[in-house]
Every structure is written in C-alpha cells, then in structure tokens.
Amino acid sequence: MSRGLWMVAAVVLVLGCAAANASIVLAGQVYDDNAFVDEIIAIHGSWTNPAAVIGPNIMSYAQNNPPDAEAYLLVGFADNSIVNGAGPDFVLHEAGGTLPGEGEPAKITINGVTNTYPTVYSGVGGTHRAYIDLGDFGVAPGGRVAAVQLWGLYSGLSGTEFMAIGALNNGEPIPAPGAMWLVGVGLCVLRGSRRLTKA
Ligand SMILES: [Ca+2]
Ligand SMILES: [Ca+2]
Ligand SMILES: [Ca+2]
C-alpha cells in the first residue's frame, strides 16, 4: 500500500471516529470534554447570541429576544450523544442571579415530547441549572439522543438564558449520513489497497 493511500485512509478513519478524553468542570459538575453541544441545527424566531449555547462556555448565553413562546433553537451533538443511563443524563445551565429562585425554567422537546424544568442555583456565579433524565421523554434505557429543542419560554421580563448543555451519561456519536459516508470511503480505501498489495 502506498504511503499516500495510508494517509488518506488514516485521515478518513480519524474523521469518522470520535475519541473521548479529558474532563471539564462547569459550575462544579464534571463532564467529558466532548460532552457539550456541537452545533445549531435550526433557529426559529429571534435569538441573541445563539452560538453561545455551543461548547462548555458559561460566560455567555443564548436568549430569545424579543420573547416569543413559538421561538426555539434545535441544538445538536456531533462528536458525542446523550445516553439514557442511570439517573439524570444531562445538565442544562441557565443564567440567573446569585440567589435561589432567580433562574428561569427551561422548556425542552426531545423526540416530540415536551417538558418544562425549573432551574436551581448552582452555587457558582450567576448560574442556575436543571438535571434532566431522558426517561422523561420516553427514551428507552440505553437509547441515545443527538438533538435537543430549546424553547424561548419566558417568565416575567426575560427569556430563558441557555448557557450550555452537557451530557452526564455521555455516549458515542450517532453517525450523520455524511460521517457514515466518510467511514465507508475509509473502509473502501483500506480494502481496495489491501487488494492491490496482494496482487
Ligand atoms: Ca460534543
Ligand atoms: Ca436516565
Ligand atoms: Ca435566567
């Protein structure tokens, strides 16, 4: 097998396979460093700083503005998934004051099921949070989820301030069609080049 073919096969396989790794602490909660939202799949309504919900950042937040009960963000996990394991499966971090009761509730839809959770003061900075179980959304034990819909629900003066979402039961990614294609190409390149080596 030529060196060039090995390089192509290796790069394609690395792109198609995710690695789990070190850990990150966010407001006292420990996560795998890939546990967080990777992308915004869809935006409905007007949002301030929607990309703030991506990654382990709790210094900024995504917020529906002006408030609209029909507005939502559909966020996705690309290098991981959330698994329905024991207990709560992910944490939603919301900006609030530094006192209990100053956080907004979070309205979430997964697999067509909608639930609303109060957020509780984390004890760190102005951050509140909710610990959420995929079982609440009808996900079977061991089932994986790669997308979460966040509603611009508001109470009083402002909308929910979505800072970050991290998987506690962090799973392997659910391959997107594009990723499946890359893995397929990688395997084909390997198989083809093996055949060439034999000939
Ligand atoms: Ca991720
Ligand atoms: Ca669970
Ligand atoms: Ca808030």
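Here we talk through a metal site and a nonpolar core.

Tutor: This is a predicted model, where local features need pLDDT of at least 70 and side-chain atom pairs count only at pLDDT 80 or more, while totals for chains, interfaces and linings use all residues. Residues are numbered from 1 along each chain as its sequence is written, and side-chain values use heavy atoms, leaving out hydrogens and water.

Student: Which protein donors does the calcium ion (ligand 1) have?

Tutor: Donors are N, O and S atoms within 2.8 Å of a metal (3.2 Å for Na, K and Ca); water is not among the atoms, so sites may look incomplete. Here they are Asn34 (O), Phe36 (O), Asp38 (OD), Asp38 (OD), Asp79 (OD) and Asn80 (OD1), 2.3 to 2.6 Å from the calcium ion. Phe36 sits in the loop between strands S2 (29–32) and S3 (39–44), and Asp79 in the loop between S6 and S7 (81–83), 43 residues apart. Strands are DSSP runs (E, at least two residues), numbered from the N terminus.

Student: Is Phe36 buried or exposed?

Tutor: Buried means under 20% relative accessible area, exposed over 50%, partly exposed in between (1.4 Å probe, protein chains only). Phe36 has 2% relative accessibility, so it counts as buried. Asp79, at 29%, counts as partly exposed.

Student: Which residues touch the most other members of the largest nonpolar core?

Tutor: A nonpolar core is a set of buried Ala, Val, Leu, Ile, Met, Phe, Trp, Tyr and Cys residues joined through side-chain atoms within 4.5 Å. Among its 36 residues, they are Ile108, Val148 and Leu150. Strand S17 gives the largest share, 5 residues.

Definitions and conventions. Chains are lettered from A and ligands numbered from 1 in the order in which they are written. Helices (H or I, at least four residues) and strands (E, at least two) are DSSP runs, numbered from the N terminus.
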